[in-house]
Amino acid sequence: MVARRAVATGGAALRTRAPQPRRFTSRAVVLSLVLLVLLLAYAYPVRVYLAQQAEIEAMEQSQQRQTAKVAEMQARAKKWDDPEYVISQARQRLHMVLPGEKPYVVVDPANNQQTDPAERPGAPKPPRPWYGKLWSSVEAADKQ
């Protein structure tokens with residue numbers, strides 16, 4: 001029996017493992033390379049397509065805004081066909097009156113704003129800055 005055990009243990013050491021299949025076959029490598037090339041080939045055109053779609057959408061929004069603006073301006077222009085609107089605008093903007101009416105202007109004392117003292121006639125002028133004096137002396141020297 002001893003001899004048998006020796007053969008049995010020695011036989012286990014001589015066993016070979018079953019061959020492991022390769023992780024990637026040559027077909028799988030070629031297929032992955034083809035897919036990678038196709039992905040790279042279509043990446044740029046897809047990016048351009050998406051950029052163009054975004055640009056088209058922006059142009060359509062701009063066109064809608066312009067259409068709304070044109071409609072609003074046409075409505076404003078149509079108001080000028082009404083003689084009453086023209087008269088009211090002439091009164092409001094140009095302070096015009098119809099013949100026989102007396103014009104008057106209401107001055108609100110609360111709305112009276114202080115004016116710059118330099119703008120009043122006869123007010124003393126503020127001193128000029130140094131560079132103004134320098135330039136005037138250069139001009140005076142040039143005239144002589």
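Just after helix 3, His-95 takes up a positive phi of about 55 degrees, and that's without being a glycine. This is a predicted model, so to speak of local features we need pLDDT of at least 70, while side-chain atom pairs count only at pLDDT 80 or more and totals for chains, interfaces and linings use all residues. Numbering runs from 1 along each chain as its sequence is written, and side-chain values use heavy atoms, with hydrogens and water left out.

Okay, where does His-95 sit? In the loop between helix 3 (83-94) and helix 4 (130-143); helices here are DSSP runs of H or I, at least four residues, numbered from the N terminus. His-95 counts as exposed, at 59% relative accessibility (buried is under 20% relative accessible area, exposed over 50%, partly exposed in between, with a 1.4 Å probe and protein chains only).

Helix 3 itself has twelve residues and spans 16 Å from first C-alpha to last, close to the 16 Å expected, which is 1.5 Å times one less than the number of residues.

Now, the aromatics. How many aromatic pairs does the structure hold? Two, where pairing takes ring centres within 6.5 Å, using the six-membered ring for Trp, and planes under 30 degrees apart are stacked, over 60 edge-to-face, the rest tilted. Trp-80 and Tyr-85 are edge-to-face, because their planes stand at 80 degrees, with the centres 5.1 Å apart. Trp-80 is partly exposed at 39%, and Tyr-85 is partly exposed at 22%.

Then there's Trp-130 with Tyr-131, also edge-to-face: 5.7 Å between centres and 85 degrees between planes. Here Trp-130 is exposed at 66%, and Tyr-131 is exposed at 52%.

How values were computed: Helix = DSSP H or I, 4+ residues; strand = E, 2+ residues; numbered from the N terminus.
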